[in-house]
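Have the structure open and follow along.

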Amino acid sequence: MDFMNTVKAALVTAALVLPVLPQTGLASSGGPPLPQEDWSFKGIFGQFDQAALKRGAKVTIEVCLGCHSIKYIKFDHLRQFGFTEAEVSEMAGGAGLTKQDKLVSGLAPADAKESFGLVPPDLSLMTKARKGYEDYTFAILTGYLTEEDTALVDAAKEDGTLSPEEITKLASALHMDPHHPEKIDEAVKRIANGDHFNKYFPGNFLAMPAPLSAGAVTYADGTEATVKQLAKDVTTFLAWAAEPTQTERKSTGHKVILYLIVLTAMLYAVKRRIWARVHH
Ligand code: HEC
């Protein structure tokens, strides 16, 4: 009876302690707050959504691989979330590679430097490398000017000078600081010049042109390929690429925790039994 009560107490304690607080996304320093998505793989019971991983792998290979490598992952690794050997070989073939190859971009570093002024970073660890983690990657992919934003910028630059109302509107649409109209003015000029504006990139201008557009990839499962969907799937895939053993690590962790709880309860029961014989 005593023992059962101890076990119950231990389990109740575990139930209270285990669901750790969800991690909140950090905004990159000084920048606008990042959009917060629900990621199925976050938290100690989080799991990767296999369908999203398959879609994200397709986007990565068909779009991002044109410029970026994901050098820690081989095509063959993609079988871990449900692609068949034939599918993996076909995807590798499409990129001029074989299933034993790593996801290496066909863009030679020298050509990249010539086109962009720098070599696009490897994306293997990208979701871990930036403040804000996966929220940051998702934000960059969705942070380019929308059609409405572009219309606002076009209207604003027409007469050459920005009115106070235009400043206010642009500041809110582009997530810029309304207290620095000169920066907004400069941004409008650079946008007109063809530079790539992004609401979430530190400093707002980057060498990467908007990589995603609606319908860029045809999904095999019929999911509609909106920019947001593409961004979410590709980010899920990149989070997996940064830690492909997460699923195993978590399930081992859960078993270890359960084992420790049971062990603690048993040791406590034994201790009480032994000390019960000691009379004060
Ligand atoms: C046309 C070439 C090109 C394509 C296609 C492309 N990128 Fe990029 N990407 C770049 C370049 C160039 C940079 C470097 C930008 C800079 O630092 O100014 C970059 C940078 C990035 C960054 C890093 C931003 C930072 O904080 O340093 C991320 C994240 C990124 N790309 C994700 C992606 C994803 C995901 C895809 C596929 C959906 C993709 N890119 C497709 C060229 C490309």
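One term first: a nonpolar core here is a set of buried Ala, Val, Leu, Ile, Met, Phe, Trp, Tyr and Cys residues joined through C-beta atoms within 7 Å. Keep in mind that you're looking at a predicted model.

With that in hand, go to the largest nonpolar core, which has 39 residues. Val234, Phe237, Leu238 and Ala241 are the ones that touch the most other members. At least two residues each come from helix H2 (50-62), strand S1 (70-74), helix H3 (85-94), H6 and helix H10 (227-242). Which of these gives the most to the core? That would be H10, with nine residues.

Zoom in on Leu238 for a moment. Leaving out residues up to four places away in sequence, Leu238 touches Leu123, Met126, Thr127 and Thr137.

Now for the ligand. It's surrounded by 23 residues, and the closest are Cys64, Cys67, Ala207, Met208 and Pro211. What kind of shell is that? It splits into 19 nonpolar residues, three polar and one charged.

Finally, zoom out to the domains. Domain 1 takes in 48-134 + 213-225 + 234-244, while domain 2 covers 250-275. Between the C-alpha centres of domain 1 and domain 2 there's a distance of 43 Å.

How values were computed: Residues are numbered from 1 along each chain as its sequence is written. This is a predicted model: local features need pLDDT of at least 70, side-chain atom pairs count only at pLDDT 80 or more; totals for chains, interfaces and linings use all residues. A residue is near a molecule or strand if its C-beta atom, placed from the backbone, lies within 6 Å of it. Ala, Val, Leu, Ile, Met, Phe, Trp, Tyr, Cys and Pro count as nonpolar, Asp, Glu, Lys and Arg as charged, and the others, Gly among them, as polar. A residue is buried if 20 or more other C-beta atoms lie within 10 Å of its own, exposed if 12 or fewer, and partly exposed in between; C-beta atoms are placed from the backbone. Helices (H or I, at least four residues) and strands (E, at least two) are DSSP runs, numbered from the N terminus. Two residues are in contact if their C-beta atoms, placed from the backbone, lie within 7 Å. Domain bounds come from an automatic or database domain assignment.
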